[in-house]
Amino acid sequence: MFASCMACKHDVSPYCSGVNGCISGQAAAAARSSAAAAAASVAASADGRSASVPSNPAAGEENGNRGEKDRLRSLVHKFTAEALKGVDCTLVDPQTGAKMQAVYRIDSEVRWLCFTAKESSLPLASLQLPWITRLAAYVELPSQDQEELLGCLGPSEAARCVEVSSVGSAGKGQELQRAILVMQDMPDAERFLTCIEVLRLYAAMDAPV
């Protein structure tokens, strides 16, 4: 199963630095890193759990960490199950401000994140999870990109945007694949960023689901 083999050995890359617009800078980076670290140790904590009451503070802290890992595992499992079927989303073209109703899906091998038009099913973007080069909330984008989104969406919608981009596998010369989503709210943006980061790490292991 997905959770039982999610024991990532990779470090969090520099671009992964935050989960929503309510936290910033080093706090955002710490939050994303903490989520990835929890995912990395899910498999290690999956076996040998005890229902006993902790007898010291250290044991209590360990149980608290287990609870966080369980929460993250449940979050990622639910996200993955939904993404395998397809999730409605809104994409935006930052140059024109045009918004499009779309659907994103993850393939059964957890290697690709694909976006298609909702009505026509035409492909819009296909990103390889192991080769994601940017996974960012609005507040983490370069100032030029922020201004571009502000100009075409306004502050409320722009603040709920997330960007995910990938250049494809090394040596294949694939063009940049990029998608900017307007999320429903800030918790939705946080959930998307956290789960995609965990799945990116998982896909980078090149292990079967």
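**Entry 1. The pairing of Val87**

I looked up the bridge partner of Val87 in strand 2 and found Tyr104. The model I am reading is a predicted one. Strand 1 covers residues 87-92, and Tyr104 belongs to strand 2, residues 99-106. I noted that strand 1 and strand 2 run antiparallel and are joined by six bridges. Between these two strands the hairpin has six residues, and in this hairpin I found Gly97 with a positive phi near 80°.

I then asked how many residues of strand 1 are buried. Five of its six residues are, and I recorded the strand as mostly covered.

Is Tyr104 buried or exposed? I recorded a relative accessibility of 5% for Tyr104, and the residue counts as buried because this is under 20%.

I next listed what Tyr104 touches, leaving aside its neighbours within four places in sequence. Its contacts include Phe79, Ala83, Gly86, Val87 and Cys89. Leu113, Cys114, Phe115, Leu181 and Phe192 are also in contact with Tyr104. For one of these, Cys114, I looked up the C-alpha separation from Tyr104: it is 5.5 Å, although the two residues are 10 residues apart along the chain.

**Entry 2. The nonpolar cores**

Which residues touch the most other members of the largest nonpolar core? I found Tyr104, Phe115 and Leu181, in a core of 33 residues. Helix 6, residues 186-204, gives the most to this core, with nine residues. Apart from this core I noted another, of 10 residues, and Val92, Tyr138, Ala158 and Cys161 are among them.

**Entry 3. A salt bridge in helix 3**

I turned to the charged side chains and recorded a count of nine salt bridges. One of them joins Asp70 to Arg73, with the closest N and O atoms 3.1 Å apart. Both residues lie in helix 3, residues 57-85, and they are three residues apart, about one turn of the helix. I compared the accessibility of the two partners. Asp70 has a relative accessible area of 28% and is therefore partly exposed. Arg73, at 17% relative accessibility, counts as buried.

**Entry 4. The salt bridges of Arg134**

I looked at the pair of Arg134 and Asp145, whose side chains meet in a salt bridge of 3.2 Å, N to O. Arg134 lies in strand 5, residues 132-137, and Asp145 in helix 4, residues 143-153, so this pair ties together parts that are 11 residues apart in sequence.

Arg134 also meets the side chain of Glu163, in a salt bridge of 3.4 Å, N to O. Glu163 lies in strand 6, residues 161-166, and Arg134 in strand 5, so the parts tied together here are 29 residues apart in sequence.

Arg134 is partly exposed, with a relative accessible area of 25%. Asp145 counts as buried at 16% relative accessibility. Glu163 counts as buried as well, at 3%.

Note on methods
Residues numbered from 1 in each chain as written. Predicted model: local features only at pLDDT ≥ 70, side-chain atom pairs only at ≥ 80, totals over all residues. Heavy atoms only, no water. Helix = DSSP H or I, 4+ residues; strand = E, 2+ residues; numbered from the N terminus. Buried < 20%, exposed > 50% of the residue type's maximum accessible area, 1.4 Å probe, protein only. Contact = heavy atoms within 4.5 Å. Pairing = 2+ DSSP bridges. Core = buried A, V, L, I, M, F, W, Y, C linked by side-chain atoms within 4.5 Å. Salt bridge = Lys/Arg side-chain N within 4 Å of Asp/Glu carboxyl O.
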